[in-house]
Amino acid sequence: MKKMVWLAVLPLLLSAAESPGRTPEPNRTPEALPLYPKGAPESNGLSADSVKVLPDVIFGAVDADYLVLPADPTQATGQAVVICPGGGYGAICFDHEGLQVARWFNTQGVTAIVLRYRMPNGHPEIPLKDAQQMLELVRKQAPKWRVDPNRVGIIGFSAGGQLAAAVSTLFTGPDNRPDFTILCYAAISDDSDIIDKETFGNLTGPDASTRETSRYSCEKQVTERTPQAFIVLSDDDDNVLPGNSTRYYTALKNHNVPAELHIFPTGGHGWGWSESFRYKDELRAALGRWLEEIRK
């Protein structure tokens, strides 16, 4: 899988149960909680026997779960964000595009929830349903998690960015509509000149019709109700081409939706929250400022 070849397996992370009402210890991994305690409502067609779990990546997930990293109550802003890691819809890279991101959000007073969604395996409604369910759950748990239900957003990376954009354009009501969207080198479009064939192949399947792929080409689904967005990518990304992000941005502007776009000159694809990303300080400063501005 081209998106995975550069991943290094990290040392095994410690697991410990954390109450969402308490602040977890730094670098401690909270307990993974099932999104569907009674089991997933439908199958994605993959076998549980084929699931491969590494310390920082899950391949072929057939069940969805989530990890809650609450903001320090003394610093909490009321904002919460659901994090959708990438992995080409074949895997979940839940460390550098999940837990590391969540810990940074905590420093901004934002409660973070890492969603480890099910793989679509040609059933695009499955990860979408997981993300919608997660947003609804955050709002239900808002008093317990010290979250303002009107300040719940979503962030996604690569394929997870496609999922975040899909949730932001295909929501069914206020309970599963994000209040804000953050997209990082997102694989958004099915247009032939910029499509990421791996992501869309895993999402909709090889035999999907143009009508079905178009539904999940999120720049084509933007309306005036689409949430405001912060979009970031690298100009030299030759994996998910920049047009994916710029066309979504243009669609937002065509519908008078507030948006902020950052294109860094280098970085390629998949940098997540890596300290090696050259523009990490600029990115984090801009995102921190944006999060503060949208609270006003």
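Residues are numbered from 1 along each chain as its sequence is written, and side-chain values use heavy atoms, with hydrogens and water left out. Because the model is predicted, local features need pLDDT of at least 70 and side-chain atom pairs count only at pLDDT 80 or more, while totals for chains, interfaces and linings use all residues.

Helices (H or I, at least four residues) and strands (E, at least two) are DSSP runs numbered from the N terminus, and two strands pair if DSSP finds at least two bridges between them.

Valine 81 has glycine 153 as its bridge partner in β10, and isoleucine 83 stands opposite isoleucine 155. Strand β10 in turn pairs with β11 in the parallel sense over four bridges, with isoleucine 154 opposite threonine 181 in β11.

How many residues of β7 are buried? Five of the five are, so the strand is largely enclosed by the rest of the structure; buried means under 20% relative accessible area, exposed over 50%, and partly exposed in between (1.4 Å probe, protein chains only). Both faces of β7 are covered, with Ala80, Val82 and Cys84 buried on one side and Val81 and Ile83 buried on the other. Strand β10 has six of its six residues buried, so β10 too is largely enclosed by the rest of the structure. From β10, Val152, Ile154 and Gly156 point one way, Gly153, Ile155 and Phe157 point the other way, and all are buried.

Helices lie across this sheet as well. Axes here are lines fitted to C-alpha atoms, for helices over the stretch in contact, and angles run from 0 to 180 degrees between N-to-C directions.

Another helix to look at is α4, in which eleven of the eleven residues are buried, so α4 is largely enclosed by the rest of the structure. The cover over its buried residues includes β7, α2, β10, β11, α5 (197-204) and α7 (243-254). Two packed helices are described by the angle between their axes and the distance between the axes. Helix α2 (residues 125-140) and helix α4 (residues 159-169) pack at an angle of about 65°, with their axes 10 Å apart. That makes α2 roughly perpendicular to α4, a term for angles of 65 to 115 degrees, with those under 35 counted as roughly parallel, over 145 as roughly antiparallel and the rest as oblique. In this packing, Pro127, Leu128, Ala131 and Leu135 of α2 meet Leu163, Ala166 and Val167 of α4, where contact means heavy atoms within 4.5 Å. By class, this contact has seven nonpolar, no polar and no charged residues. Ala, Val, Leu, Ile, Met, Phe, Trp, Tyr, Cys and Pro count as nonpolar, Asp, Glu, Lys and Arg as charged, and the others, Gly among them, as polar.

The other sheet is open and has three strands in the order β4-β5-β8, with antiparallel pairing. Its edge strands are β4 (52-53) and β8 (91-92), each pairing on one side only. Strands β5 and β8 pair over two bridges, and isoleucine 58 has isoleucine 92 in β8 as its bridge partner.

Leaving aside residues up to four places away in sequence, aspartate 63 touches Ala40, Arg116 and Arg118. Aspartate 63 and leucine 128 are 65 residues apart in sequence and 13 Å apart in space, C-alpha to C-alpha.
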